[in-house]
Amino acid sequence: MAIKRDKKEEEDGGNPFQSLDKTSVLQDARTFNETPVEPRKCTPILTKILYLLNQGEQLGPAEATETFFAVTKLFQSNNTLLRRMVYLGIKELSLIAQDVIIVTSSLTKDMTGKEDLYRAAAIRALCSITDATMLQTIERYMKQAIVDRNPAVASAALVSSLHMSRIASDVVKRWVNEAQEAVNSDSIMVQYHALGLLFHIRKNDRLAVTKLVAKLTRMSLKSPFAVCMLIRIACKLLEEESSGEYADSPLFDFIEACLRHKSETVVYEAAAALVNLRHTTTRQITPAVSVLQLFCSSPKPALRFAAVRTLNKVAMTHPTAVTSCNIDLENLITDSNRSIATLAITTLLKTGAESAVDRLMKQIASFVSEISDEFKIVVVQAIRALCLKFPRKHGTLMTFLSAMLRDEGGLEYKASIADTLISLIEGNPEAKESGLAHLCEFIEDCEHTSLAVRILHLLGKEGPKTKQPSRYIRFIYNRVILENAVVRAAAVSALSQFGAQCPDLLENILVLLARCQMDTDDEVRDRATYYFSILQNQDRHLINNYIVEPPQVCVSSLEKALMLHLMETPEEVFDLSSVPLAPPPLSDEVQAAPTVVQEPLAALGRPAVSKEESASDRLRAIPELSWIQGPLFKSSDPISLTESETEYQVRVTKHVFKNHIVLQFDCTNTMSDQLLEKVRVQLEVSEGYQIVAEVPCQRLACSETSPTYIALQFPDAPNLTVTNFAATLRFVVKDCDPMTGIPNSDDGYEEDYMLEDVEVMLADQMQRLTKSNFGAAWEEGESYSELEDTYNLSGINSLEEAVRSVVSFMGMQPADRSDRVQPDKSSHTVYLGGMFRGGVEVLARAKLAMGNSPGVAMQLTVRSPNPDICELIISVVG
Amino acid sequence: MSNFFNKLSNFFGIKKKSVKVIMIGLNNSGKSTIVSLLKNDSEKSPEIIPTIGLNVEHFKYQNVFFTAFDMSGQGRYRYLWERYYRNCDGIIFVVDSSDRLRLAVAKEELYLLLQHPDVAGRKLPILFLANKMDVREALSSVKIATAFGLDRIKDKPWHIFSTNALTGEGLQEGVEWLTEQLCQTVA
Ligand SMILES: Nc1nc2c(ncn2[C@@H]2O[C@H](COP(=O)(O)OP(=O)(O)OP(=O)(O)O)[C@@H](O)[C@H]2O)c(=O)[nH]1
Ligand SMILES: [Mg+2]
């Protein structure tokens, strides 16, 4: 079948490059070495090489270098077509080949020569072979090219400069005058590219950007693209102004005025910008929404698409504004462009009433098979939002989802459906059983290993808590028989959860696990053996700590800690509790919040290294701090100690170790006429704390950010640890020339600058610990010490708010999804798990109730093996 | 060169040819200046700066089209010359005759060239140009030939001329010699 089609394509003149072979093409490239060069022979060969490279064919450095040098011989020919292919070849090969600088002079000649056809392409090729040191030698030509009269040349130079600034930003910075001149160009392309470069050069200098924008907004740029860019820069500035007040801002006025621009592109850009700005009020976006509404009935599909996509995005943040476009959106439901129709329907779903759901779902069902995965995901996301909004509709929606799940579709699409089902199950107890049933059915025929593994994990977690756990066993065990090793291993783990939590099933599970011990795969056998021996033992404590709540250490940190242990203190017993915990999966509050379109969870790659790990490496590299014992327990997010637009800016990050806390102050100097030296922070430490090391920052030039550190030892008594330190920035100022940054004289004078207090909080010393079976853990905790107290949380007016503030104040992880408050309830209990620095477990139960008096009443019970920690928590809350 | 000459050679039936030569020699010896002089005036590049890598230039002498690979002579790029030895028909080796200090370096490079597998054993004509003859302390071509031990080159035709690339003096003779050689060797 496939062969037949190939033949047919050949007859039709299909892709002539289909069956190219790298070796023979590279062989052909030797022709380039022959004299005289025959362009008609060489051009097709070069095309083939480019084709192969673009298809992802890998060339080794030797192969690439040889080919590259063969290509350089083609400079002999003055055939313009061939020469332009040569530039493309150089650009592609320059990534792998060696000694590519060999063509520098040849390209410089073409770039400055008379042949206009060569010049722009030669610039781009030149920049692809140039490194930071070489750039200096071609600097003069680049500057000339930026202001060249030929727009293609100027644009090529500008865009190339932008690329070059990644490797040599200081050289490119010197071209700012040329870029400035190019902004005045008559060519719309040049003006746009010039603004791009200019912004890039200045982007770290807020003041300069503000000036640039102020100047350009008054100038009325010719290029609509440049205006669009200016709108984006203006938005960025507005967002950074923390006040969130747009009312009197000239930037805001500028964007609004762009709604009346003569170019549709600009009008759309301005409208999209206004509705997406974080703090716009509904009244402020009304004109923008009117514009989008108008676009909805434009004859141009691109405009309709842009408008409806934007409305779809803001449907959740500005529902009332979007509702005003409902009639126009209804008209788009039957748009012949299915992407537009999908977006229109899903927008209506987001803003519509419960009664409209069934009608709209039927509409979607009529064409869902015709749209691409990307838009199917949009549909799924709309359904997810609907489930949260109308919990009662879960039946209809779930049936729809499971039908979609059975259709064809890629991993990302399937994952987004499974994510939605999972969040439904977790969030809505009524939906649990039917949701699990849909998922069981799905894994019977699921080709995506990663999804099957996730679902098995979920079945292991939720299945044992359902009314009839036994019904899931068959589905899970089927996986052990039918699937690949990864899925089998996950199935074994899921089975063990049933064995651990359902005494009735234990006997059967042991039989199944015994069979799994014969598996051909090591991992599957290992897991089966591990679970079998723990379960057979029937020791509650072991089962709880090693199956239901397995240790949650961060694996890469564990590896580091073990290495360190072997190097430094191999004779001592390794202390597992000192290893940082794995960060809990993305918190549900963030996911579930019904905000704008959500990224499918599967697409969000988790960062490869945790915040702590990268910070730990950095701190270890500082000699004054490297002696601090134990792995880094927790790093806080940076907190600003200054107002946002002050001369000096300081942000503190708190790194907590077992017995020490390291304060990292990232200082930024925004004064272009000052060079700061010996920058340090002076702290007034409170009782029990002791400063053990200080690392000042020796030199801080304008627009630079550098850290200075202070390390403190924690007080022995935990209840002294939560406190405030007054802080002052101290430094020596040397006045300098704002242009060059060189100090006017060697003498400086001392200055200090008040900072806000540094707070050490409970949450800084606590890691979130996920307890998937809080009941069992709480029972275990009966042997710990326990303290209890009642508080009135004044100023808090809802249970949700109370939950949020307790969770963030304590820095602990809510268990069993107890951070979700059922609507219309007047009381709620949150269960929290955490680990205090030093590896001490902490469990907490907070009973919250709305009383008659204002505020929320809370009864807090804390259990921990260390009574001092119970006391600390009870005393700092409130 | 002169139109008359071209007509004359056509008349005598000399075939139209293209040849490829590689120009090497230490940096600052005047290679790029020489090529630019050999090119037609209209194409001449406005200024000459140290070459990075190579420049490919074309010029015509009598009825022969020359493609010249003008290489960079800087130390850190010299190892790249050899990449262009294989397919060339002739070599122009330029020496700064006033740079006595680096004469030994130039000699060293010459011997590396002669030993290179793509050069050794081939009957490649080598034109030596003892450039910058106008400078007062310049050595004569004879002195340079002796210093280089050119007599020892037996398997290749060679010749040395004193030149001044600023005026063009001596160039004509040199290129004429090379053209003759190339007409004999290149079929
Ligand atoms: N006085 C004098 N100066 C010369 C002569 N030939 C070249 N120069 C000068 O010597 C300098 C170097 O000349 P180039 O042609 O760039 O030398 P090159 O051999 O191409 O150098 P690289 O490209 O670095 O290998 C220039 O300043 C020329 O003006 C000459 O015959 N006499
Ligand atoms: Mg040169």
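Predicted model: local features only at pLDDT ≥ 70, side-chain atom pairs only at ≥ 80, totals over all residues.
Figure 1. Chain B has 187 residues, and 54% of them count as buried. Its secondary structure consists of 5 helices and 6 strands. Read from the N terminus, these elements follow the order α-β-α-β-β-β-α-β-α-β-α. Among the contacts in chain B with a separation of 6 or more, 75% are between residues 24 or more positions apart.

**Figure 2. The contact between chain B and chain A.** Chain B brings 22 residues to the contact and chain A brings 23 residues. The two chains bury about 2000 Å² between them, with 52% of that area on carbon and sulfur atoms. On the side of chain B, the residues that lose the most area to chain A are I52(B), R83(B) and Y84(B); together they make up 28% of what that side buries.

Figure 3. Strands β2 and β3 of chain B each supply at least two residues of the side that touches chain A. The largest share of that side, 5 residues, is from β2(B). Sorted by class, the side of chain B that touches chain A holds 11 nonpolar, 7 polar and 4 charged residues. The interface also has 1 salt bridge. This salt bridge pairs the side chains of K109(A) and E57(B), with an N to O distance of 3.1 Å.

Figure 4. T65(A) belongs to helix α4 of chain A, which covers residues 61–72. Is T65(A) buried or exposed? Its relative accessibility is 2%, so T65(A) counts as buried, the cut-off being under 20%. Leaving aside residues up to four places away in sequence, T65(A) touches A97(A) and Q98(A), and also R83(B) of the other chain. The side chain of T65(A) comes to 3.0 Å from the backbone nitrogen of Q98(A). R83(B) is also one of the residues of chain B that lose the most area to chain A.

**Figure 5. The loop residue Q62(B).** Q62(B) sits in the loop between strands β2 (54–61) and β3 (64–71) of chain B. Most residues other than glycine have a negative phi. Q62(B) is not a glycine, yet its phi is positive, at about 50 degrees. With 16% relative accessibility, Q62(B) counts as buried.

**Figure 6. K132(B) and its salt bridge with D96(B).** K132(B) is found in the loop between β5 (126–131) and α4 (141–148) of chain B. K132(B) has a positive phi of about 60 degrees and is not a glycine. The side chains of K132(B) and D96(B) form a salt bridge with an N to O distance of 3.4 Å. D96(B) lies in strand β4 (residues 90–96), and the pair links distant parts of the chain, 36 residues apart. D96(B) counts as buried at 10% relative accessibility, whereas K132(B) is partly exposed at 21%.

**Figure 7. The salt bridge between R30(A) and E66(A).** Over all chains the count comes to 38 salt bridges. In one of them, R30(A) pairs with E66(A), and the closest N and O atoms are 3.8 Å apart. R30(A) is partly exposed, with 46% relative accessibility, and E66(A) is partly exposed with 47%.

**Figure 8. The salt bridge between K300(A) and E264(A).** The side chains of these two residues meet at 2.7 Å, N to O. K300(A) lies in the loop between α17 (282–296) and α18 (301–314) of chain A, and E264(A) lies in helix α16 (residues 264–276), so the pair ties together parts of chain A that are 36 residues apart in sequence. K300(A) has a relative accessible area of 41% and is partly exposed. E264(A), at 37% relative accessibility, also counts as partly exposed.

Conventions: Residues numbered from 1 in each chain as written. Chains lettered and ligands numbered in written order. Heavy atoms only, no water. Helix = DSSP H or I, 4+ residues; strand = E, 2+ residues; numbered from the N terminus. Buried < 20%, exposed > 50% of the residue type's maximum accessible area, 1.4 Å probe, protein only. Polar contact = N/O pair within 3.5 Å; in protein donor to acceptor, adjacent residues only side chain to side chain. Contact = heavy atoms within 4.5 Å. Buried area = accessible area lost by both parts, 1.4 Å probe. Salt bridge = Lys/Arg side-chain N within 4 Å of Asp/Glu carboxyl O. Nonpolar A, V, L, I, M, F, W, Y, C, P; charged D, E, K, R; others polar.
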